[in-house]
Amino acid sequence: MSKTASTRGATPGPPKYLVTGGAGYVGSVVAQHLLEAGHEVTVLDNLSTGFREGVPAGADFVEGDIRDAARWLNSSYDAVLHFAACSQVGESVIKPEKYWANNVGGTMELLAAMRSAGVRKLVFSSTAATYGEPVSTPITETDPTAPTSPYGASKLAVDHMITGEAVAHGLAAVSLRYFNVAGAYGTPSHVMVGERHDPESHLIPLVLQVALGKRQSISVFGDDYPTPDGTCVRDYIHVADLADAHLLALDAAKPGEHLICNLGNGNGFSVREVIETVRKVTGHPVPEVVAARRGGDPAVLVASAATAQERLGWQPSRSDLAGIVSDAWDFARGRNNGA
């Protein structure tokens, strides 16, 4: 839990944070964690992919675009946590200009607004897509970055921009490169938040749709990889563990430094392990259909989180796959029942 003290001159009170994209999946959970830690939170989101009901009670909400952040950002804020981005890999291949304009251009405007307002701390939502095809496993922050999509390239470009901002203007910045985020989170005072992409492209919610009867089967893209059961292996992290890392990053950020940390469990689960876990958690059959491999799918993507453990003091505590699936199942059923 963050212990960051307010830096707003002599003005007393809790730290105040701007959360861009705070109506989305990860951003809304982080916003809720900040509120639980006693901080003041303003969510900025244009609701293009986020959901108004996901903004936690107690947070101020501004419906707007990060390109216009200068209209709301001022010296009363202690830091920005930046989640606002287009994030569909497939779409980025078809519409790369959208990803350059929003992810890169939008962040340039945000950095300029922060500079003008004197807000000198940033936590950025980066991605494992910056690495592309891994050269080794587990992946470390010093491994080569070679994105295979405009989405990954746009996130890497932002990381480079942040490094320059830190060196030139003293920004205290941390980029957190997520691997596979999953699960759901809620409290008695906050609606449960889980994955609800449109179109859905992530494995766990897709398999849960089969369990709910919304899909006839789940496609397994390739069963001849050099892995124990022949299917791809991925590193899954619970969204609440991810949120914990963001609060710790606020404390770890140092002026003039851009720290980059991978976030993952360091252990991978195969596609078939995920499907079997869904069967056990839900009690429903999940038919699977083997399909051809998809181009660009590495056999194994697993993170080394040693830097996050050393520099942030972060340790995931919800790494059990059954627990992750169980939370996601509760959220999926709630949505299916109209909650």
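Biologist: In which sense do S5 and S6 pair, and over how many bridges?

Modeller: General idea first. Two strands count as paired if DSSP finds at least two bridges between them. Helices (H or I, at least four residues) and strands (E, at least two) are DSSP runs, numbered from the N terminus. Here S5 and S6 pair in the parallel sense over 7 bridges. Valine 123 stands opposite valine 174 in S6.

Biologist: What kind of model is this, and how are residues numbered?

Modeller: It is a predicted model, where local features need pLDDT of at least 70 and side-chain atom pairs count only at pLDDT 80 or more, while totals for chains, interfaces and linings use all residues. Residues are numbered from 1 along each chain as its sequence is written, and side-chain values use heavy atoms, with hydrogens and water left out.

Biologist: Which strand pairs with S4 over 3 bridges?

Modeller: Strand S5 (residues 121-127) does, in the parallel sense. Valine 80 has leucine 122 of S5 as its bridge partner. Histidine 82 stands opposite phenylalanine 124 in S5. S4 also pairs with strand S1 (residues 16-20), in the parallel sense over 4 bridges. There, threonine 20 stands opposite histidine 82.

Biologist: How do I read the two faces of a strand? Which residues of S4 point one way, and which the other?

Modeller: In a regular strand the side chains alternate between the two faces of the sheet. Take S4 (residues 79-82): Ala79 and Leu81 point one way, Val80 and His82 the other. All of them are buried. Buried means under 20% relative accessible area, exposed over 50%, and partly exposed in between (1.4 Å probe, protein chains only).

Biologist: How many residues of S5 are buried?

Modeller: 7 of the 7, so S5 is largely enclosed by the rest of the structure. Both of its faces are covered. One side carries Lys121, Val123, Ser125 and Thr127. The other carries Leu122, Phe124 and Ser126.

Biologist: What is leucine 263 in contact with?

Modeller: Contact means heavy atoms within 4.5 Å. Leave aside neighbours within four places in sequence; among the contacts of leucine 263 are then Leu176, Tyr178, Phe179, Leu242, Ala308 and Trp314.

Biologist: How is empty space found? Which residues lie nearest the centre of the second largest pocket?

Modeller: Rolling a probe the size of a water molecule over the atoms shows where empty space is left. On a 1 Å grid over the protein atoms alone, a cavity is a set of points where a 1.4 Å probe fits but cannot get out; a pocket is an open set with protein on both sides within 12 Å along at least five of seven lines; lining residues have an atom within 4 Å of a point. The second largest pocket has 16 lining residues, and Glu195, Pro205, Gln209, Ala332 and Arg335 lie nearest its centre. Helix H5 (203-211) and helix H9 (321-336) each give two or more residues to the lining. H9 gives the most, with 4 residues.

Biologist: Is leucine 171 buried or exposed?

Modeller: Leucine 171 counts as buried because its relative accessibility is 0%. This residue lies in the loop between helix H4 (150-169) and S6.
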